[in-house]
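Look at the sequence and the model first, then read the points below.

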Amino acid sequence: MPQKQHVKTPTSRRVIVAAVIIVDGRVLACERSAPPEVAGRWEFPGGKVEPGETDQVALARECAEELGVRVEVGDRVGPDVPLAHGRAVLRVFAVRLLEGDVPRALEHTSMRWLAKDELDSVHWLPADKPIVAELPALLT
Ligand SMILES: Nc1nc2c([nH]c(=O)n2[C@H]2C[C@H](O)[C@@H](COP(=O)(O)OP(=O)(O)OP(=O)(O)O)O2)c(=O)[nH]1
């Protein structure tokens, strides 16, 4: 009788996609409203990639839900940043707003457009630090 094989289920890492949106040399930063542990911390708009979605489709959906805008998703910004003890990664993309669309804080407490010399003026989520470090080169 063949020996029973123990097949280890591959651990899938959840992907959180987020958007660097730059307009007139300023990047959009958003203040989280929930959950309580991270409320008041700042992030790039985005959220979880749902099953069957590409990163790009998920990010466009999140931008519509959170900001009420239509976008074109462009190049990656920074590295994949491990989250939740390696069970998830934060993956950030440069995103362009479609003509005429203006972001509104539909799910965040507030939003700010930060110039290069204002990047340290908000309390970023820890995982965002390596992404923020890439921004001075993009904010000219
Ligand atoms: N959107 C976003 N999430 C971030 C960033 N940095 C960071 O650590 N995170 C973390 C916070 C959360 O634990 C997780 C994103 O979860 P979320 O609650 O925004 O995702 P979601 O919109 O899909 O929410 P839900 O459906 O679970 O309510 O990633 C960032 O810059 N943007």
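This is a predicted model: local features need pLDDT of at least 70, side-chain atom pairs count only at pLDDT 80 or more; totals for chains, interfaces and linings use all residues.

Residues are numbered from 1 along each chain as its sequence is written. The chain has three helices and seven strands; helices (H or I, at least four residues) and strands (E, at least two) are DSSP runs, numbered from the N terminus.

**The whole chain**
- Along the sequence, the order of elements is β-β-β-β-α-β-β-β-α-α.
- Taken along the principal axes, the box filled by the C-alpha atoms is roughly 70 × 30 × 30 Å.
- Of the 140 residues, 26% count as buried, a term for residues with 20 or more other C-beta atoms within 10 Å of their own, the C-beta atoms being placed from the backbone.
- Among contacts between residues at least 6 apart in sequence, 67% join residues at least 24 apart; two residues are in contact if their C-beta atoms, placed from the backbone, lie within 7 Å.

**The record**
- UniProt, in an unreviewed entry, lists residues 12-140 as "domain: Nudix hydrolase"; such annotations may be inferred rather than shown by experiment.
- This span is 16% helix and 38% strand, and its end C-alpha atoms lie 38 Å apart.

**Strand pairing around β2**
- β1 and β2 (residues 26-31) run antiparallel and are joined by two bridges; strands pair if DSSP finds at least two bridges between them.
- Ile 22 stands opposite Val 27 in β2.
- Two residues lie between the strands of the β1 and β2 hairpin, where Asp 24 takes a positive phi near 50°.
- β2 also pairs with β7 (residues 110-114), in the antiparallel sense over five bridges, and Val 27 has Leu 114 of β7 as its bridge partner.
- With β3 (residues 42-43), β2 pairs in the antiparallel sense over two bridges, and Glu 31 has Trp 42 of β3 as its bridge partner.

**Around the ligand**
- The ligand is surrounded by 13 residues, of which the closest are Glu 43, Gly 46, Gly 47, Lys 48 and Ala 127; a residue is near a molecule if its C-beta atom, placed from the backbone, lies within 6 Å of it.
- β1 (14-23) and β4 (46-48) are the elements that give two or more residues to this shell.
- The largest share, three residues, comes from β4.
- The shell divides into eight nonpolar, two polar and three charged residues; Ala, Val, Leu, Ile, Met, Phe, Trp, Tyr, Cys and Pro count as nonpolar, Asp, Glu, Lys and Arg as charged, and the others, Gly among them, as polar.

Methods. A residue is buried if 20 or more other C-beta atoms lie within 10 Å of its own, exposed if 12 or fewer, and partly exposed in between; C-beta atoms are placed from the backbone.
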